[in-house]
Amino acid sequence: MYIFDNFDPHTFLASYWQKRPGVFKHAFADFINPLDEHELAGLAQDPRIDSRVVSLNPPAWQVTHGPIDDFESVCQGKWSLLVQSVDQHISEADTLIRMFDFIPYWRLDDLMVSFSNEGAGVGPHLDQYDVFIIQGKGSRRWQVGEKGEFTPYLPHPDLSQISDFEPVIDEVLQCGDMIYIPAGCPHNGVALEDCMNYSVGFRAPSQQDLLSSLADYSLDLGLFKKRYQDQGLTPRKNPSELASTEINSFRAMLHDVIDSEQFERWLSCHFSDTQLNQGYDPQHNPDYSLKEIAELFEQGALFERQPGIRPIYLAKEYTSEPLEFFIEGQAYFAPVNYVDAVCGMLSSPSWQYDLTNNNLTSLSLEDFWVQLMCELVNAGAWLPQEETDF
Ligand code: SIN
Ligand code: CO
């Protein structure tokens, strides 16, 4: 369990979010590191997980991408090991990132965890995304400046840095402290001793990202096939001309796409996709029958949400139509009388949502919960506790 101490989400959103950087000393009460550096090194050996070591042997910067097997040769000088999407692999890390669920799931990206030795850091740089950085083990000096014009350069082909900047924040963070850095603010963190940092990153989709994903969605589902029509065409003096009325017709065609219900459905589907499918436990048995799931309910088994899952559904009054929700791009449904219970399960901060308080013994194979849980379990999104225990 994590508890905010000196951090109020309301004040933060009103005064800092996307506006200015801030330091929140004692943001967490009694912060517990969700993993240690040895577990982090274990994740960095996994080829499915994005990791890198950034090291400095003055004046040379080196970047080695994971999977990392030979730590001894890579971790030379001042070095940081950085591992992306740790929330998809460690349930406690997933619990930590869910502390930020005062910001919608669709805006959350991942929890990046780093370990740095004394003097290490990735150098002064800019990030394109807003980030909270929580200080876990050890202490680190953070300098952050205002947004401005900076020219990044590459001391190594895979490392972007900037030259010095004027800090408006210059503080040493201790365990449980947190810093917020809006996108585009220059920053530099230097470890004062061995330390662990937890970066909660956010998504800020670009128009390019959206167009590309919408195009993929329309091709996959065979949507938006309406063709251009021009019944009122008259002889054209200059055939090379593309008339403004024609441009407007094309705008209207694309507006139809954006105004369609499918557009909303695509957004929900798109934002539910955290690319987690690649990270599912390979030992997971994706072949449960309805009977096995009903038996698990009968035995009072708990079903556990896989770390990293971020279900998305459209905000509406579901009084007369079923809820459609998306997990990893996959659509699921809940009939009207189950909507509250399902939404409770989807939004529960705990990965172990106890369904037994919904009176779920003696269920038939046709029961909604058996059917839904069977689908979710076979998709790898929820797992019976027995499977997560081994
Ligand atoms: C780190 O955790 O070492 C780097 C975080 C950052 O500056 O983006
Ligand atoms: Co950064």
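A: We may begin with the metal site, for which one cut-off is needed: donors are N, O and S atoms within 2.8 Å of the metal. Please note that this is a predicted model.

Q: Which protein residues are the donors of the cobalt ion (ligand 2)?

A: The cobalt ion (ligand 2) has His125 (NE2), Asp127 (OD) and His187 (NE2) as its protein donors, at 2.0 to 2.1 Å. Along the sequence, these donor residues follow the spacing H-x1-D-x59-H.

Q: Is His125 buried or exposed?

A: Buried means under 20% relative accessible area, exposed over 50%, and partly exposed in between. His125 is buried because its relative accessible area is 12%. Asp127, at 30% relative accessibility, is partly exposed.

Q: How are two packed helices described?

A: They are described by the angle between their axes and the distance between the axes. In this model, helix 5 (residues 207-221) and helix 7 (residues 261-272) have axes that come within 10 Å and cross at roughly 110°. Helix 5 is therefore roughly perpendicular to helix 7.

Q: Which residues of helix 5 and helix 7 meet?

A: From helix 5, the residues are Leu210, Ser213, Leu214, Tyr217 and Leu221; from helix 7, they are Gln262, Phe263, Arg265, Trp266, Cys269, His270 and Phe271. The residues of this contact comprise eight nonpolar, three polar and one charged.

Q: How many residues of helix 10 are buried?

A: In helix 10 (residues 368-378), eight of the eleven residues are buried, and the helix is mostly covered. The buried residues are Phe368, Trp369, Val370, Leu372, Met373, Cys374, Leu376 and Val377. Their cover includes helix 8 (290-298), strand 16 (303-305), strand 18, strand 19 (330-334), helix 9 (339-347) and strand 21 (382-384).

Q: What is found at the start of helix 10, and what follows the helix?

A: At the start, a side-chain oxygen of Asp367 comes to within 2.8 Å of the backbone nitrogen of Trp369. After helix 10 comes Gly380, which has a positive phi, near 85°.

Q: Where does Arg310 lie, and with which side chain does the side chain of Arg310 make a polar contact?

A: Arg310 belongs to the loop between strand 16 and strand 17. Arg310 counts as buried because its relative accessibility is 2%. Its side chain makes a polar contact of 2.6 Å with the side chain of Asp87. A polar atom of the Arg310 side chain also lies 3.0 Å from the backbone oxygen of Asp109. Beyond its neighbours within four places in sequence, Arg310 is in contact with residues including Ile97, Tyr105, Leu108, Ser272, Thr274 and Phe326.

Q: Is Glu321 buried or partly exposed?

A: Glu321 counts as partly exposed, because its relative accessibility is 34%. Glu321 sits in the loop between strand 17 (312-313) and strand 18 (323-327). Setting aside neighbours within four places in sequence, Glu321 is in contact with Lys316 and Val336. The side chains of Glu321 and Lys316 are joined by a polar contact of 3.5 Å.

Q: Which residues does Ser199 touch?

A: Ser199 is part of strand 15 (residues 195-202), and at 10% relative accessibility it counts as buried. Not counting residues up to four places away in sequence, Ser199 touches Asp110, Leu111, Met112, Val131, Phe132 and Ile133.

Conventions: Residues numbered from 1 in each chain as written. Chains lettered and ligands numbered in written order. Predicted model: local features only at pLDDT ≥ 70, side-chain atom pairs only at ≥ 80, totals over all residues. Heavy atoms only, no water. Donors = N, O, S within 2.8 Å, 3.2 Å for Na, K, Ca; no water. Buried < 20%, exposed > 50% of the residue type's maximum accessible area, 1.4 Å probe, protein only. Axes fitted to C-alpha atoms, helices over the stretch in contact; angles between N-to-C directions. Helix = DSSP H or I, 4+ residues; strand = E, 2+ residues; numbered from the N terminus. Parallel < 35°, antiparallel > 145°, perpendicular 65-115°, else oblique. Contact = heavy atoms within 4.5 Å. Nonpolar A, V, L, I, M, F, W, Y, C, P; charged D, E, K, R; others polar. Polar contact = N/O pair within 3.5 Å; in protein donor to acceptor, adjacent residues only side chain to side chain.
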